[in-house]
Amino acid sequence: MSDSITIGFSRPSKLFPPPLFAWAIMLFDWSNFSHAYVRFHLDAYDRDVVFQASGFKDNFIGWKMFQGMEVIVHEFTIPV
């Protein structure tokens, strides 16, 4: 594992039809993001992975695939 983690905020890239929960979160919070995620590097797979909650489940997904499905609004890195 790497010596840092990245905390990020995102929203779905597909806005029509609008994802109900994402739309409700952005409207309620009056923000431009609907999800928070944690990204870190796994040396065993030599790639970055993302943990996030979506709908009623948690997701573990590769960074490149995540970028294709989400709009990254903001990230910050924390050394660990």
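Trainee: In what order do the five strands of the open sheet lie?

Mentor: Keep in mind that this is a predicted model: local features need pLDDT of at least 70, side-chain atom pairs count only at pLDDT 80 or more, and totals for chains, interfaces and linings use all residues. Residues are numbered from 1 along each chain as its sequence is written, and side-chain values use heavy atoms, leaving out hydrogens and water. Strands (E, at least two residues) and helices (H or I, at least four) are DSSP runs numbered from the N terminus, and two strands pair if DSSP finds at least two bridges between them. With antiparallel pairing, the order is β4-β3-β2-β1-β5.

Trainee: Why is one side of β4 and of β5 left without a neighbour in the sheet?

Mentor: Look at where they stand: β4 (57–62) and β5 (70–79) are at the edges of the sheet.

Trainee: How many bridges pair β1 with β5?

Mentor: On one side, β1 (residues 4–12) is joined to β2 (residues 35–42) by five bridges, running antiparallel. With β5, T6 has T77 as its bridge partner. The β1 and β5 pairing is also antiparallel, and its bridges number nine.

Trainee: Is S10 buried or exposed?

Mentor: S10 belongs to strand β1 and stands opposite H35 in β2. Its side chain makes a polar contact (N or O atoms within 3.5 Å, where one must be able to donate a hydrogen and the other to accept it; residues adjacent in sequence count only if both atoms are side-chain atoms). The partner is the side chain of E70, at 3.3 Å. The classes are buried under 20% relative accessible area, exposed over 50% and partly exposed in between (1.4 Å probe, protein chains only), so S10, at 0%, is buried.

Trainee: What relative accessible area does L27 have?

Mentor: L27 lies in helix α1 (residues 20–29). L27 counts as partly exposed, with a relative accessible area of 44%.

Trainee: What separates the C-alpha atoms of V71 and F28?

Mentor: V71 sits in strand β5 and is partly exposed, at 28% relative accessibility. V71 and F28 are 43 residues apart along the chain, and their C-alpha atoms are separated by 19 Å.
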